[in-house]
Amino acid sequence: MHFDLAKLCSEHSVEGLRWSTDNHGLIRFVIESERCDAEMYLHGAHITKFAPKGHKSILWMSSQSIFHLDKPIRGGVPICFPWFGPHPVDSSLPSHGWARIQTWDLKSVTKTPAGVFSVEMTTTIKPFKLRYVVNFSETLEMLLYVSLLDTHPTATYFEEALHSYFAVSSIHDIQILGLENAQFIDKVDSARLKEPAKRELLFSGEIDRVYLDATSETQLVDPGLSRTIKITKRNSSNTVVWNPWIEKSRRMPDFGDDEWTKMVCIETANVLDHKILVSAGEEHLLAVQVEAFHH
Ligand code: TA6
């Protein structure tokens, strides 16, 4: 069941939220309100902007992003599902799975009296059903629910990640707190298992790390913007941190050569040994909240 723009505008608009097609023909809504500004596409259920009142967008978007139905948007919050990274068996399958390259269905748009916008989108990726509830206020709350289709009784594993791209003043000046005590898999060092750093995370080269048993809150401290972004989560055992640095940025056609200094990914995930087994009748929730504070 897909929506056309007229139906969305007539049945799913609320004051402060309006639907439109971008200049690539993709359908998205824009929120402009007293609590936040935001933008989200039906394509990939992809949040491309979130600016709490008093802040510029805290999500980074590549100026080179592609907006085609068969490609993921580069930036914002891609949904990685039902696998993370390259497919474990078939390399011809899309990186990070199907969720971010299919058009989701809109289930509801509501606005509370307090001015919180709540949007629910759904999709099916056999044998899974996905519900994605996003609450927009000064906080961005993303709730990804996964269950099995009624026709599929067998418990099935999946990996998932909300692959958030955050905007920073300069990758050279930021630090990430909250991962000091977590082991990590270092994907720029042959996926070796590394011991906890026991100190804040700073950046001086490409970083691609899957932190293990990392359930705590993380903070992205950005002196250049006098801002700290706080990321709290539920039911997520992995935090993934990525900056492609110079060479990898040049190799990505949808990523500007010099854009790497202005972004960092802090991803809320369940991957590898922490992949999730969902059984018939169960619904798994991955929850993350993002807030920004001036300092
Ligand atoms: O963020 C971790 C990661 O798996 C990196 O290895 C890098 O590949 C990144 O995701 C982006 O993947 P994509 O398929 O979106 O280019």
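**Entry 1: Thr 228**

I started with Thr 228, which sits in strand β18 (residues 227-234). I keep in mind that this is a predicted model, where local features need pLDDT of at least 70, side-chain atom pairs count only at pLDDT 80 or more, and totals for chains, interfaces and linings use all residues. Residues are numbered from 1 along each chain as its sequence is written, and side-chain values use heavy atoms, with hydrogens and water left out. Helices (H or I, at least four residues) and strands (E, at least two) are DSSP runs, numbered from the N terminus.

Is Thr 228 buried or exposed? I found a relative accessible area of 10%, so Thr 228 is buried (buried is under 20%, exposed over 50%, partly exposed in between, with a 1.4 Å probe and protein chains only). Its side chain makes a polar contact with the side chain of His 295 at 3.1 Å. A polar contact here is a pair of N or O atoms within 3.5 Å; within protein, one must be able to donate a hydrogen and the other to accept it, and residues adjacent in sequence count only if both atoms are side-chain atoms. Leaving out residues up to four places away in sequence, Thr 228 touches Gln 219, Leu 220, Val 221, Glu 291, Ala 292, Phe 293 and His 295 (contact means heavy atoms within 4.5 Å).

**Entry 2: a four-stranded sheet**

Next I traced an open sheet with the order β1-β2-β3-β4 and antiparallel pairing (strands pair if DSSP finds at least two bridges between them). β1 (17-21) and β4 (46-52) are at the edges with a single partner strand each, so one side of each has no neighbour in the sheet. Between β2 (residues 27-32) and β3 (residues 36-41) I noted five bridges. Phe 29 has Met 40 in β3 as its bridge partner.

Ala 45, in the loop between β3 and β4, has a positive phi of about 45° though it is not a glycine. With 0% relative accessibility, Ala 45 counts as buried. Leu 272 also shows a positive phi, about 50°, and lies in the loop between β20 (263-270) and β21 (276-278). At 38% relative accessibility, Leu 272 counts as partly exposed.

I also listed cis peptide bonds: one joins Phe 81 and Pro 82, with omega about 0°, and one joins Lys 126 and Pro 127, again with omega about 0°.

**Entry 3: the whole chain**

Buried residues make up 57% of its 295 residues.
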